[in-house]
Amino acid sequence: MAVLQPAASLANARRPALFGAALLLLLGSGIGPLFGQAAPPAAQPQAAPPPGSFAARVVEIERSLVESSPRLKRLPAAKRKALIEFVIGNILFVSTHELGHGVLAELELPNLGHDEDAADNFAILTALKVGTGFSDRVLIEAAKGWYLSDLRDKATGEKPEYYDAHGMNLQRAYQIICMMVGANPDKFKELADLTKMPEDRQASCKTDFTFMALSWETLLKPYLRAPDQPKQKIELSYGDAKGKLAVYAKTFRELRLLETFAELIDERYNWPRPFSMEMLECGEVGANWRARKLRICYEMAQEFAELYRDYGDKLKSVQPQSKTKKKKT
Ligand SMILES: [Zn+2]
């Protein structure tokens, strides 16, 4: 059930380039800061995150990483921040995707579509439900991740695997945008326009989102935790790591990433059995849910960092005038 699979795109060459530019533009636009507070209106200055919040810990982590890493210190501040946000945003999306597999398995839910699509939709819906500038940006970072994965696969000659259980990278990116604009056309129309999603698709995304949200909400309703119901035991652990991975072990432990995530999902659902979540050095890139255990490998965070390092500059390759082009209906 690993979330990342090499795959290539079915989309044409122009659309992905615009997609990347659009996501880059949104870094400083009305969508709001990934690690800031709830989404502010466009053109307002970014507010400092609330003291003690996850977002505030991210800011602190960035400071500490700069002090301990000469390589990171050499990067321009904006690029350094973007890199850290990219890695953490993608790890959060991956974690929620894997939890989607866990929800399907633990609650023994029916699923009429592909398992991997359902897990992606669970992650997207979870973030949309949180509904802050932070969670919006997690989704945007994940979409950027699929876009850059597509660029990487093309550059390295990785062939598309049409039989794969996962969708193609760009399809997964556009599914995120589709659900965002479907959930809230006013808020995310600019994003969908910038990624050149046609008007008629934006309209049908509303239907897709409504049906997806209704399906998940109907299935999950019996398992929503009432305030008087006890919380479940979720065991958390961070493995030690050496060499290049040591920085990820330290970062996620200090961020209290698992603790923050566990608090959210324990609050929301009445889990039938205890389970565990672990971050560790695996010897390979991966993340999965197996036997009531969510495992996220530090190698996956490293891969996201390398993906951004090697291809992140491609996000700057197209200028913003592309956003004014409207689609024909
Ligand atoms: Zn999966």
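What covers the buried residues of helix α5 in this predicted model includes α4 (77-106), α6 (133-156), α7 (169-183), α8 (185-194), α9 (199-220) and α11 (257-268). The helix is largely enclosed by the rest of the structure, because 12 of its 16 residues are buried, and if you follow along on the screen you will find among them Glu-116, Asp-120 and Asn-121, as well as Phe-122, Ile-124, Leu-125 and Leu-128.

As for the geometry of α5, which runs over residues 115-130, its 16 residues should span 22 Å at 1.5 Å a residue, and the end C-alpha atoms are 23 Å apart, which agrees. Just after the helix, Gly-131 takes a positive phi of about 65°.

Let me turn to strand β2, residues 275-280, where six of the six residues are buried. Both of its faces are covered, with Phe-275, Met-277 and Met-279 on one side, and Ser-276, Glu-278 and Leu-280 on the other. β2 pairs with strand β1, residues 234-238, in the parallel sense over five bridges, and within that pairing Glu-235 has Ser-276 as its bridge partner. β2 also pairs with strand β4, residues 293-297, again in the parallel sense and over five bridges, with Glu-278 standing opposite Arg-295.

To place these two elements in the whole, the protein has 12 helices and four strands, and 52% of its 329 residues are buried. Among contacts between residues at least 6 apart in sequence, 71% join residues at least 24 apart. The accessible surface comes to about 15400 Å², and carbon and sulfur atoms account for 55% of that surface.

Terms used:
Residues are numbered from 1 along each chain as its sequence is written. This is a predicted model: local features need pLDDT of at least 70, side-chain atom pairs count only at pLDDT 80 or more; totals for chains, interfaces and linings use all residues. Side-chain values use heavy atoms; hydrogens and water are left out. The expected span of a helix is 1.5 Å times one less than its number of residues. Buried means under 20% relative accessible area, exposed over 50%, partly exposed in between (1.4 Å probe, protein chains only). Contact means heavy atoms within 4.5 Å. Accessible areas come from the Shrake-Rupley method with a 1.4 Å probe; for residues, only the protein chains shown count as cover. Two strands pair if DSSP finds at least two bridges between them.
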